[in-house]
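Good morning, and thank you for joining.

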Amino acid sequence: MYTMRINDFSARSLQYRFVDHISGDSKITTDKWREYRPIAKAYGIKQVDCSGGLNFKALHHDPSNKVLDKNHIFLASDFNINRYFKEFCFSVNRSQSKATIFNNLLTKMVKKVKVYHQQIICK
């Protein structure tokens, strides 16, 4: 997951985010916000009615998204807003990869150059 603050909510601003950060073969599902319409065909965006958050449960009801609580967002300064987003993304991304964290650590350790005990002992 990745988030980024945009200065306005225009289709043009969104389009640049898509060009810079989203692969053309990605499968994207959004709500029916009208600003997605101009770029929907180019990116294969599937728009669905959000039904008061029922279609996007992971986003609207995930306990880890307290960092994106509306009160926090509106109180966050321009300086801190991307920090909130980064914390939220870290939380979501980490929760999605808990099963592989230990495996990734072991893989990285095995691929590194070996360091022997005598190399780290101070004399």
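From the N terminus on, the elements follow the order α-β-α-β-α-α-α-α-α, that is, seven helices and two strands. Helices (H or I, at least four residues) and strands (E, at least two) are DSSP runs, numbered from the N terminus.

A word on provenance. This is a predicted model, in which local features need pLDDT of at least 70 and side-chain atom pairs count only at pLDDT 80 or more, while totals for chains, interfaces and linings use all residues. Residues are numbered from 1 along each chain as its sequence is written, and side-chain values use heavy atoms, with hydrogens and water left out.

The pLDDT, the predictor's confidence in each residue from 0 to 100, averages 76 over the chain, and 79% of the residues score at least 70. Confidence is highest in strand β2 (residues 45-47), with a mean of 88, and lowest in helix α4 (residues 70-75), with a mean of 53. Where pLDDT is low, the predicted coordinates should not be read in detail.

Of the 123 residues in the chain, 20% are buried, meaning under 20% relative accessible area, whereas exposed means over 50% (1.4 Å probe, protein chains only).

Let us turn to helix α1, residues 11-21. Which of its residues are buried? They are A11, S13, L14 and F18. Seen down the axis of α1, these fall within an arc of 160°, so they line one face of the helix; the arc is taken over the directions from the helix axis to the C-beta atoms. On the other side of α1, R12, V19 and D20 are exposed.
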